[in-house]
Amino acid sequence: MANLRPILYGRWASSCSWRVRNALEFKGIQYESRHVLIDQQQSTQFLSINPSGQVPVFIHGRQILTESMAIIEFLEEEYPMTPKLLGGDSYQRAVIRALCLNLIAGIQPLQNIATVRFINENGGDSHKFADFFIRKGLGLLERRLSQTAGQFCVGDRISLADVCLIPQLFNAKKKFNMDLSEFKLINEINDNLSEVPAFQRAHALSQPDAPSQVKVKEQSL
């Protein structure tokens with residue numbers, strides 16, 4: 001019998017892949033995970049699936065979907081009986097989307113692999129650059145969350161904003177060794193999210209392609 005489960009192509013620490021894993025696990029959607037190494041993303045085989053050479057890619061039947069937020073909104077519509085990540089009224093959904101954009105447009109592109117590589121290759125200090133923009137973006141987010149947060153980013157229900165927050169904090173701490181203790185509300189929310197089983201399963205360090213030395217280092221902390 002043909003495999004009818006959707007397929008997610010991603011990479012363990014990719015923020016964009018991680019967002020989609022968070023959504024799939026939270027919604028309880030069964031899927032097959034296929035891990036793509038960075039150097040495989042420019043292979044002829046992978047480019048035939050996604051010409052941009054980026055992850056994630058989500059295969060749903062004969063449909064090929066790219067871009068994490070588009071994939072997640074597709075899941076919201078395609079699986080209407082699963083828990084909502086964009087719930088509430090039109091105003092609440094706009095608030096959720098604004099928080100998401102703070103993370104995925106205001107921070108993540110300024111510290112991704114391509115940006116860091118370009119800065120380093122041109123004599124810049126990528127860590128200093130990333131630290132500045134991550135801290136600036138999280139400062140704005142902290143102020144916004146003071147008006148919206150409960151247990152999670154928007155009240156006491158998990159939303160798409162939470163899905164986006166988890167990978168951003170992990171990469172800031174682990175990739176750039178940043179001390180984020182000044183962002184007390186953000187850290188409280190992240191601690192609450194870390195107790196959610198779906199997000200534990202989706203976590204970067206729970207993925208089979210996560211380097212063993214990274215897992216060992218994390219467990220020793």
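The protein chain is divided into domain 1 (7-83) and domain 2 (90-203), with bounds that come from an automatic or database domain assignment. This is a predicted model, in which local features need pLDDT of at least 70 and side-chain atom pairs count only at pLDDT 80 or more, while totals for chains, interfaces and linings use all residues. Residues are numbered from 1 along each chain as its sequence is written, and side-chain values use heavy atoms, with hydrogens and water left out.

The UniProt record also describes two spans, in the numbering used here, with shortened feature names and annotations that may be inferred rather than shown by experiment. An unreviewed entry lists residues 4-83 as "domain: GST N-terminal". That span is 35% helix and 20% strand, and its end C-alpha atoms lie 21 Å apart. For residues 89-212 the unreviewed entry gives "domain: GST C-terminal". Residues 89-212 are 65% helix and 0% strand, with end C-alpha atoms 44 Å apart. Helices (H or I, at least four residues) and strands (E, at least two) are DSSP runs, numbered from the N terminus.

The C-alpha centres of domain 1 and domain 2 lie 20 Å apart. Their contact (heavy atoms within 4.5 Å) takes 15 residues from domain 1 and 18 residues from domain 2. About 1,600 Å² is buried between domain 1 and domain 2, and carbon and sulfur atoms give 66% of this area. Buried area here is the accessible area (1.4 Å probe) that two parts lose on being put together, summed over both. Of the area that domain 1 buries against domain 2, W18, R19 and N22 supply 37%, more than any other three residues.

Charged pairs also cross this interface. A salt bridge is a side-chain nitrogen of Lys or Arg within 4 Å of a carboxyl oxygen of Asp or Glu. By this rule the count comes to six salt bridges, and two are found across the interface of domain 1 and domain 2. E25 and R201 meet through their side chains in a salt bridge, at 2.9 Å from N to O. Because E25 lies in helix α1 and R201 in helix α9 (residues 197-202), the pair ties together parts that are 176 residues apart in sequence. E73 forms a salt bridge with R97, where the closest N and O atoms are 3.5 Å apart.

On the side of domain 1 that touches domain 2, the elements giving two or more residues are α1 (15-27) and α3 (68-78). The largest share, nine residues, comes from α1.
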